[in-house]
Amino acid sequence: MTTTIAYDQLPELAGTDLGQTEYRTVTQEQVNLFADATDDHQWIHVDPERAKDGPFGAPIAHGFLTLSLAVPFWTELLEVKGVTTKVNYGLDKVRFPAPVTVGSRVRMRAVVAEVAEIRGGYQITVDQTIEIEGGAKPAVVARGLYRFYA
């Protein structure tokens with residue numbers, strides 16, 4: 001469910017649990033395209049036959065591919081009205097506790113840790129967890145920094 005608020009209400013988001021997104025399936029095609037884009041063609045990602053005998057029993061998504069899914073997940077969780085510019089400002093503390101095997105389904109949970117006024121806008125700090133369906137550990141734990149300008 002998407003949280004929709006007006007720009008001037010951003011400070012009220014501090015401490016808000018934004019909930020979770022729908023699940024998305026990670027495909028071999030996505031992994032291959034990411035490998036091409038980043039020039040990271042390690043066999044554990046792009047060689048399904050060899051990966052069957054590897055440490056994970058299947059090909060796995062790049063950690064940064066899984067992290068990049070935070071971008072489309074965001075559109076499911078938060079919509080801010082009255083904004084002219086949204087900026088992904090960066091990340092604090094990123095960890096990849098568990099690999100995502102190809103064919104797995106992942107989703108994101110997010111909690112707004114804080115909201116700070118910045119020059120010309122607001123910065124929100126968000127604790128983001130990308131979960132693997134049925135997994136004991138999350139795939140990604142990160143603190144995202146996002147800026148909004150009216």
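Which residues does Arg147 touch, not counting residues up to four places away in sequence? They are Thr85, Lys86, Val87, Tyr89, Ile118, Tyr122 and Gln123. This briefing covers a predicted model.

**Arg147**
- Arg147 belongs to strand S8, which spans residues 140-149.
- Arg147 is buried, yet it has no salt bridge.
- Asp92 is the nearest side chain of opposite charge, and it lies 10 Å away.
- The side chain of Arg147 does make a polar contact of 3.5 Å with the side chain of Tyr89.

**The largest nonpolar core**
- This core holds 35 residues.
- Leu10, Trp74, Ile124 and Phe148 touch the most other members.
- Two or more residues come from each of H1, H4, helix H5 (70-77), strand S4 (78-81), strand S6 (105-118), S7 and S8.
- S7 gives the most, with five residues.

**Helix H1**
- The buried residues of H1 are Gln28, Val31, Phe34 and Ala35.
- Seen down the helix axis, they fall within an arc of 125°, so they line one face of H1.
- The face turned away from that buried side carries the exposed residues Glu29, Leu33, Asp36 and Ala37.
- An α-helix has 3.6 residues a turn, so residues three or four places apart point the same way.
- The cover over the buried residues of H1 includes H2, helix H3 (48-51) and helix H4 (63-68).

**Helix H5**
- In H5, the residues Ala70, Phe73, Trp74 and Leu77 are buried.
- They cover an arc of only 110° around the axis, so they sit on the same side of H5.
- Exposed Val71 and Thr75 are carried on the face turned away from the buried side.
- Trp74 is also one of the core residues that touch the most other members.

**Two positive phi values**
- Asp39 follows H1. It is found in the loop between helix H1 (28-38) and helix H2 (43-46).
- The phi of Asp39 is near 60°, a positive value in a residue other than glycine.
- Asp39 counts as exposed because its relative accessibility is 65%, and exposed means over 50%.
- Lys93 is not a glycine either, and it has a positive phi of about 45°.
- Lys93 lies in a strand, S5, which covers residues 85-95.
- With 63% relative accessibility, Lys93 counts as exposed.

**Ile132**
- Is Ile132 buried or exposed? It is buried, because its relative accessible area is 13% and the cut-off for buried is under 20%.
- Ile132 is in strand S7, residues 121-132.
- Ile132 touches Ala98, Pro99, Val100, Ser104, Arg105, Val106, Lys137 and Ala139, leaving out residues up to four places away in sequence.
- Ile132 and His41 are 91 residues apart in sequence. From C-alpha to C-alpha, they are 23 Å apart in space.

How values were computed: Residues are numbered from 1 along each chain as its sequence is written. This is a predicted model: local features need pLDDT of at least 70, side-chain atom pairs count only at pLDDT 80 or more; totals for chains, interfaces and linings use all residues. Side-chain values use heavy atoms; hydrogens and water are left out. Helices (H or I, at least four residues) and strands (E, at least two) are DSSP runs, numbered from the N terminus. Buried means under 20% relative accessible area, exposed over 50%, partly exposed in between (1.4 Å probe, protein chains only). Lys and Arg count as positive and Asp and Glu as negative; His and the chain ends are not counted. A salt bridge is a side-chain nitrogen of Lys or Arg within 4 Å of a carboxyl oxygen of Asp or Glu. A polar contact is a pair of N or O atoms within 3.5 Å; within protein, one must be able to donate a hydrogen and the other to accept it, and residues adjacent in sequence count only if both atoms are side-chain atoms. Contact means heavy atoms within 4.5 Å. The arc is that of the directions from the helix axis to the C-beta atoms. A nonpolar core is a set of buried Ala, Val, Leu, Ile, Met, Phe, Trp, Tyr and Cys residues joined through side-chain atoms within 4.5 Å.
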